[in-house]
Amino acid sequence: MTCFPFPKKITSKIDSIQRVFWWSKKNPRRAAYFRSWNDIGRSKLCGGLGIRNSHATNRVFIAKLGWRICRNPDHLVSRFLKDKYFRNQNLLEIDKAADNSSWIWKGIVKGLVFLKDNIVSKINDGSSTKSWSSVWLPCSNSPPVSISPNFNDYTFVSELIDVQNHSWNIGLLNSLFAPDDVIKIRSLRLNINEKDSIMWAHTNNGDFTVKTS
């Protein structure tokens, strides 16, 4: 389950076996089910038994493979998959796997949908983050939108940085972004001696949280 995406028919069968084991009665007609399966499937902290949904668990494992490739591009498996499937692309820019791709790669590509919705770029030198297609603004889960018709002249975030002063080009930011977005961008600390990275981000009751692993 950590490598291959299982068909729903298989994961449903696995869940069925678990339910039969838990709810099995000598006389099913007189059986009493004191808790729903959804209650049993909750985490132990929430009063359940922590029995996982097989389909969801399988998809999370596959998404984790994609996350490891994003976080560790120098690992052997990351280099191998990049050379074979996305040599001239960024992993997060891939929308669909080729029909002749391996099952593992098809699963990873499907898992990218979840990753794209939950990660954000950490800006350092800005050289690998695209200004208008990457998610990099604080407290945002979508790429920024420019107020200038000339926004296509600036492809990467690095072009918005004053390299000599190691700071943002304030005049350029004001011409390209809405005032609220300028405030968000100026709150980002730059380190032009390091490359950009990606971080896990999620919202919880309206609060924006970023984790590095």
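1. Helices (DSSP runs of H or I, at least four residues) and strands (DSSP runs of E, at least two residues) are numbered here from the N terminus. On that basis the secondary structure of the chain comes to 7 helices and 5 strands, and from the N terminus on the elements run α-α-α-α-α-β-β-β-α-α-β-β.

2. Some conventions apply throughout. This is a predicted model, in which local features need pLDDT of at least 70 and side-chain atom pairs count only at pLDDT 80 or more, whereas totals for chains, interfaces and linings use all residues. Residues are numbered from 1 along each chain as its sequence is written, and side-chain values use heavy atoms, with hydrogens and water left out.

3. A residue is called buried at under 20% relative accessible area, exposed at over 50% and partly exposed in between, with a 1.4 Å probe and protein chains only. Buried residues make up 31% of the 213 residues in the chain. With contact taken as heavy atoms within 4.5 Å, 55% of the contacts between residues at least 6 apart in sequence join residues at least 24 apart.

4. A nonpolar core is a set of buried Ala, Val, Leu, Ile, Met, Phe, Trp, Tyr and Cys residues joined through side-chain atoms within 4.5 Å. The largest one has 16 residues, of which Trp67, Ile69, Leu81, Phe86, Leu91, Ile94 and Trp105 touch the most other members. Two or more residues each come from α3 (54-71), α5 (103-116) and β4 (197-204), and α5 gives the largest share, 5 residues. Apart from this core lies another, of 15 residues, among them Ile123, Leu172, Leu173 and Phe177.

5. The 14 residues of α5 should span 20 Å, and its end C-alpha atoms are 20 Å apart, which agrees. Its buried residues are Trp105, Gly107, Ile108, Val109, Gly111, Leu112 and Leu115.

6. How do α3 and α5 pack? Their axes are 8 Å apart, at an angle of about 80 degrees, and the two helices are therefore roughly perpendicular to each other. Axes are lines fitted to C-alpha atoms over the stretch in contact, with angles from 0 to 180 degrees between N-to-C directions, and 65 to 115 degrees counts as roughly perpendicular. In this contact Ile62, Ala63, Leu65, Gly66, Trp67 and Ile69 of α3 meet Gly107, Ile108, Gly111, Phe114 and Leu115 of α5.

7. Ser78 is placed in helix α4 (residues 76-85) and counts as buried because its relative accessibility is 3%. Not counting residues up to four places away in sequence, Ser78 touches Arg68, Ile69, Asn72 and Pro73.

8. Two loop residues complete the note. Pro149, in the loop between β1 (119-122) and β2 (161-162), counts as exposed at 71% relative accessibility; its C-alpha atom is separated by 8.5 Å from that of Leu176, 27 residues apart along the chain. His166 lies in the loop between β2 and β3 (167-168) and is partly exposed, with a relative accessible area of 48%. Although His166 is not a glycine, it has a positive phi of about 55 degrees; most residues other than glycine have a negative phi.

Conventions: The expected span of a helix is 1.5 Å times one less than its number of residues. Angles under 35 degrees count as roughly parallel, over 145 as roughly antiparallel, 65 to 115 as roughly perpendicular and the rest as oblique.
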